Every structure is written in C-alpha cells, then in structure tokens.
Amino acid sequence: MPQTYLTRIGGLIRDARRHKGMTQSDLAELLGTSQGAVTRIEQGKQNLSLDMLAKIGDALDSEFVSLGHSGPQHLRIVGGQKLTGSIDVKTSKNAAVALLCAALLNRGRTTLRSLARIEEVNRILEVLASIGVRTRWLPDSNDLEIVPPAVLNLDDIDVAAARRTRTVIMFLGPLLHEHEDFQLPYAGGCDLGTRTVEPHLAALRSFGLEVTATHGFYEAHSDRSVSPQRAIVLTERGDTVTENVLMAAARHAGTTVIRNASPNYMVQDLCFFLEKLGVRIDGIGTTTLTVHGVADIDVDVEYSPSEDPIEAMSLIAAAVVTDSAITIRRVPIEFIEIELATLDGMGMKYDLSAEYASANGKTRLVDLTTIPGPLHAPIDKIHPMPFPGLNIDNLPFFALIGAVAEGSTMIHDWVYENRAIYLTELTKVGARVQLLDPHRVIVEGPTRWRAAEVVCPPALRPGVVVLLAMLAAPGTSVLRNVYVISRGYEDLAERLNALGATIEVFRDI
C-alpha cells in the first residue's frame, strides 16, 4: 500500500477514533493488538491488510475499505455552479430509527411508509433480522414491512451490526417487558455514566430495569413487579432518552407521567405511532407526557414518518452557499422556525407557501423558495437549545452560512465536546475558521472558496457541511470516505445533481 494512502488512512483512523471518544489503548484492545501498533497505524507507518482495515472499520463505525458492494466511498465535486429547480425533503432519519425500535412493541405487522433508505436504517435492519424479525422493502417503494417472531432470539443478535449503530440502547425500553434477563452489545467508547447513557438507565429503573456493563455488553435484568410510583423526571431533555421511556411506558398497563420530555420532531413521530398501536398519550408536543399504556399490543398498523428538518436545513445551506434560488418542498416548518428566524436576522430572504399536512396527518409542511442576496453576521452567537430552540444537528450549517456572511459569526456547540473541531475542516476549502476551544469557533466571512481534496470528517453533519462548501468552490474537489454521509442522507449526491450540481461517486481502493 503506497505511503500516501497509509498516511491518509492513518489520519482518518485517528479522527474516527477521537470522534468515538476512544483512546489508542481502547482501540488496541478491540483489535487484539498493542497501543504501539495503533500509534504506527495512525502515523501511516504500518502496512495494513484488507482484513485489518475491515476490523478497524467495524471497531470505529467507519468504512475504510468496502468489498462486494457498490456503495459510495468518495465524491468528486465540480463546484462554482448555481443550483436551480425544486427538491423534496425526505422523511426523517431520527424518526425512522425510533420507529424501527418501537416496532418491537407490536406483535402484529408494522408497515412504515416512505422510510429513509439510509445506512443507519440498514444497520438496524441487520440487527432485527438476526433476532428473528422479518423485514422486507415492498416492491418499487420505500415502504418497509416488519413482522416479529413469536419470541425474539436475542442470543443470535448480530454483534458486529449492533456495534455499528448507537441505536441499540433504544432496544432497552421495548425489551424490558418481554425478557427478564438479556444482553445487548454496545459500541466501544460508550461507557456507563457518560452523559448520553446514564439518563436512559436512570429513567428506566422506574420500570425495574437494572443494567451493568461488562466488556462491550449491556447486561440487563428486568424486575416486572416494579412500576413507576411517581412522575419520571428526565435529568436531560434528550430525544432518545424520551423515546426509550415512551417505549417502556407504552407496554406498562397503567399511567406514566414523563417530565422534562423532549417535544422534538422524532419524539412526536413516535407518539403518533404509539397512538396507532392503541396507546393514549396526552401532552404531545410539550415537555410533560402522560402515557396510558397497554400490556399487550397485537395490531396490523401503517404509519408515515414526517419529513426531516435537518435535511431541510442542509438544502437551505446548499442554496445559501451557492447563491442559488431553489424551491425546497415539504419543509416541516414547526421544527425549523428558529433557524429561519436566525437567517432573517442575517438578512436572508425567502418565500413560504401556505401550510399543508404531512402524510401522518399531523406535521405542518411548507414549500420554501430561497432568494439569493447578501448576508451579514448575526449580532449574537449562534447556539443550540432543546426544541423549540435551534436544533443541535442544524448548528454546523450555520458555520457554513457564516462563512458566506459579512463579518464574524460565533458558533457555540456547548453540547458536544469534539464536534466544533471538525468545523475547522472548512479552512481546507478557503473558509476562515478559528477554533477558540472544543466548543466554540469564530467564522469570518465572506469567503473565497477554493477547490481541495479533503477526508470527510467522521461526523455526519460536519461531513455534509464540507460537501456543500465544495459546491461553492470553483474547480474540482474530492471528498474522501463519505460513508458517514450515507448514514443519514439518501442519494444526496444524485439529488443535488438534479438541481444542477456536478457530483461523481467513485472508488479507488
């Protein structure tokens, strides 16, 4: 393997490891090698076999090499072109993940309409298939049919697939009413007591669930004689935490009150789906949910998840950075109003259609047409807040928009310890981004974009931000190892090409 590739791949492995919150020792233990070997790999000083690359990819949830299928690996982008036309927002990635988990509550047939065909969904489907759940895509559609077995076979769970998705923790809520003792694998670097895990476990203890961590597994014990004696107060208003408790409460034959619940879009989708299963939920869209559960659920049900506000924001950012007028159809307006108000303050102009309903009959949609024009930096910093505040997943797109605007824009990502660092990748395509600390960057605009070759950051939204910046950069850019983008976006390159972009998918390893 040429030294240039070893160096590139070593840097990619290092970035992916850091994104997972793992030390070199953690990775060495998963690979069955020494820390020194991991150091040499990351420095590009060790030859790598395809087998070792595949093992590292599994451990770090990144596709460093792929054999036997035609999924995208690299993108070649010819930038500097304006976009034109119309594009539909696809259904929500995060709703899809929650609904796949919630289907485990139902003994009947679940059909999810217009589901996002993304890699995150594929990983969950692999896990479900391994424990006996039958799933199939209905012909010529994105409709997915899910039929559970009489008894889930958790002993045969696909450990490799489970380790490639953080979603496995959301199996706890659906499974605790069915199994007294069970084991679930979890991805390396995700330890009990961390911010993202402990709130789940603390809330689910109200249903008698106790979880301990062994080497790479959650060991769960469920005492079904225990039920909530008072309102469950979530220690953080997290989306997945709220969903996990909702799924546990759905099969609890009584009333469960959840306070400090997230009212975000994917939580609302889950609530609407649970209502179709016969669960009554009061307070949908608020921070207090009252769930009237049922002990047994056995119904044939269909549900259509709502459109993805993060994809909508991605497309708005694409229009802004390329100075283009496009129409973005099926925008879930309720979940992007703060983002639009922020853009209003930066001088952006756009037109909105009258509202209409999503296929779920609940979510309010509009068509949004962007109007090109100069922007200026906001007076205050841009930072996320729990819904109805600015969505944490939309924050990286404001770094890109700030690079177009006149003046200094501060982006404050107080939630994640590392993600702001990846926004500095924009400097490789001409942006002026200064990292103040692990949570804050200042972006100076406007930017003279330039073409470059960049390894895709191992984080979904920053990866898309770099891709969109390349659309604005005159010349030919290359974005390498884009598997992480495929986790959350379906056919993004093809759909941008339909608007006039020039993006080629290719492989060279």
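**Close-ups of a predicted model**

**View 1. Strand 3 (residues 110-112) runs parallel to strand 13, with 3 bridges between them.** Strands here are DSSP E runs of at least two residues, and helices are H or I runs of at least four, numbered from the N terminus; two strands count as paired if DSSP finds at least two bridges between them. Look for Thr 111, which sits opposite Glu 302 of strand 13. This is a predicted model, so to speak: local features need pLDDT of at least 70, side-chain atom pairs need 80 or more, and totals for chains, interfaces and linings use all residues. Numbering starts from 1 along each chain as its sequence is written, and side-chain values use heavy atoms, with hydrogens and water left out.

**View 2. The open sheet has 4 strands in the order 4-5-3-13, with mixed pairing.** Strand 4 (134-137) and strand 13 (301-303) are the edges, each pairing on one side only. From one strand to the next, the twist averages 15 degrees. Helix 11 (residues 265-276) packs on this sheet and touches strands 3 and 13 (contact: heavy atoms within 4.5 Å). Its direction makes about 160 degrees with that of strand 13 (axes are lines fitted to C-alpha atoms, for helices over the stretch in contact; angles run from 0 to 180 degrees between N-to-C directions).

**View 3. Helix 2 (residues 24-31) has Gln 24, Leu 27, Ala 28 and Leu 31 buried.** Buried means under 20% relative accessible area (1.4 Å probe, protein chains only). Down the helix 2 axis, the buried residues fall within an arc of 100 degrees, so they line one face; the arc is taken from the axis-to-C-beta directions. Just past the helix, Gly 32 has a positive phi of about 70 degrees.

Notes
Buried < 20%, exposed > 50% of the residue type's maximum accessible area, 1.4 Å probe, protein only.
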